[in-house]
Amino acid sequence: MEKKQIPLSVPNLDIEIVDNLRECIETGWVSTGGRFIAEFEQKMASYVGIKDAVSAQSGTAGLHVALRILGVSAGDEVLVPTLTFVAGVNPVKYLGAEPVFMDCDDSLCMDPEKLESFCAEECALEGNQLINKVTGRTVKAIVVVHIFGNLAQMERIMAIAAQYNLKVLEDATEALGSYYAEGKYQGYFSGTVADMGVYSFNANKIITTGGGGMIVSRNQEYLDEARYLTITAKKTSAEEMLFFVHGEVGYNYRMLNLQAALGVSQMDQLEQFIETKKMNYRVYQEQLKDLAEDGLVSLLPFREGIRANHWFYSLYIDDKRFGESRDELMHRLIENGIQCRPVWKLIHTLEPYKDAQHYKIDKAIDYADHILNVPCSTNLMADEVRHVCQMIKNK
Ligand SMILES: *Cc1c(COP(=O)(O)O)cnc(C)c1O
């Protein structure tokens, strides 16, 4: 008998998208122009409650442009998490700047306590510049990542950034739809709190355009610059357009109409996807209750006071109590057709970053050793969740 396969996180596309794609093909608008791009940007902006948004080829491209707009350049430093996907950190290097790695708190997002003590103890304010005392370089910005749809403690982080004159970029690639339900930023969606934010529509994200990204901000000047830089910094008066006048070294980063054709349709399903994610999360919670109460395998919670999009479900495996290590459990599930993954290898331990500075990292090490991410697709059925939980228990 063929074994039942349950994937980790796969797209959930409505077949009506074919009508949009057909329109692109019939009209010839398959590239970086066409009606779906503006429509998708507008739909996104209004969903997250801001005026405008700028599409990009990928989340990574969006992060690259945003960091450049926030003034990060060669020789600067940027404070980044070590527990995240590498694409949130690589743009620092694209710009010739250096990352300094920070630890996480129990939400898996950047720990504000350690962020603050790094700024206070390891750096000094000279005029309005924060200088790293070890390297002598200027610290320009912080990249905050809202891990797995959870939200970082932005109230604290924004206050620290203001005190030390740092720009903040939100890597909200995993957290589209998450927002603060209380506090200073009540009603603010992920990505719209800091100076700039970026979403991703890669195939494993909560909505997908195959590949793609979106840059958001409450500062229109930043968005105008993003729009300009993503079309090779091409000047836009009729005369300048005709004669290919480019004002800076820009990028070919604009989203394709073909991608946006998927995006406009996926936006209509986003809230429903979040509902499904929440429902399945509750099934996991219910099914794993006994294991969690005994501290064997626990489902990581989302922060209080937020509406999380519940993008990814992380289990914390206490190998001693459970009697099986994270890796043993992972391989056993995979053999049984259940796709699951550990959390990323910490970035400060990766070959290209092993010489970079890092600060008091310990929580991230523990989480990296014990987390297992389990199936969470928006077309996952409650029965499948029960099957996964049964398999976890059947050791
Ligand atoms: C997916 C992801 C990105 C990159 O997005 P792409 O669209 O794949 O380029 C960056 N950071 C994090 C945390 C991500 O999960």
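**Note on the predicted model and its annotated lysine**

1. UniProt, in an unreviewed entry, places the feature "modified residue: N6-(pyridoxal phosphate)lysine" at Lys205; UniProt positions follow the numbering used here, feature names are shortened, and annotations may be inferred rather than shown by experiment. The model is predicted, so that local features need pLDDT of at least 70 and side-chain atom pairs count only at pLDDT 80 or more, while totals for chains, interfaces and linings use all residues. Residues are numbered from 1 along each chain as its sequence is written, and side-chain values use heavy atoms, with hydrogens and water left out.

2. Lys205 sits in the loop between β9 (196-200) and β10 (213-216), where helices (H or I, at least four residues) and strands (E, at least two) are DSSP runs numbered from the N terminus. With a relative accessible area of 14%, Lys205 is buried, the classes being buried under 20% relative accessible area, exposed over 50% and partly exposed in between, for a 1.4 Å probe and protein chains only. Not counting residues up to four places away in sequence, Lys205 touches Thr173, Glu174, Ser200 and Trp311, contact meaning heavy atoms within 4.5 Å.

3. The loop between β9 and β10 also holds Gly212, which is buried with a relative accessible area of 2%. Leaving aside neighbours within four places in sequence, Gly212 is in contact with residues including Ala56, Gln57, Ser58, Gly59, Ser200, Met255 and Gln259.

4. Helix α13 (residues 363-370) has Ala364, Tyr367, Ala368 and His370 buried. The buried residues of this helix pack against β13 (313-317), α11 (319-322), α12 (326-335) and β15 (371-374). As background, an α-helix has 3.6 residues a turn, so residues three or four places apart point the same way.

5. For the chain as a whole, there are 14 helices and 15 strands, and 55% of the 395 residues count as buried. A compact globule of 395 residues would have a radius of gyration near 21 Å, and the 22 Å of the chain agrees with this; the radius is taken over C-alpha atoms, and the globule rule is 2.2 Å times the number of residues to the power 0.38. Among contacts between residues at least 6 apart in sequence, 72% join residues at least 24 apart.

6. On charge, the chain has 39 positive and 54 negative side chains, and the centres of the two sets lie 1 Å apart. Lys and Arg count as positive and Asp and Glu as negative, with His and the chain ends not counted, and each charge is placed at NZ of Lys, CZ of Arg, CG of Asp or CD of Glu.
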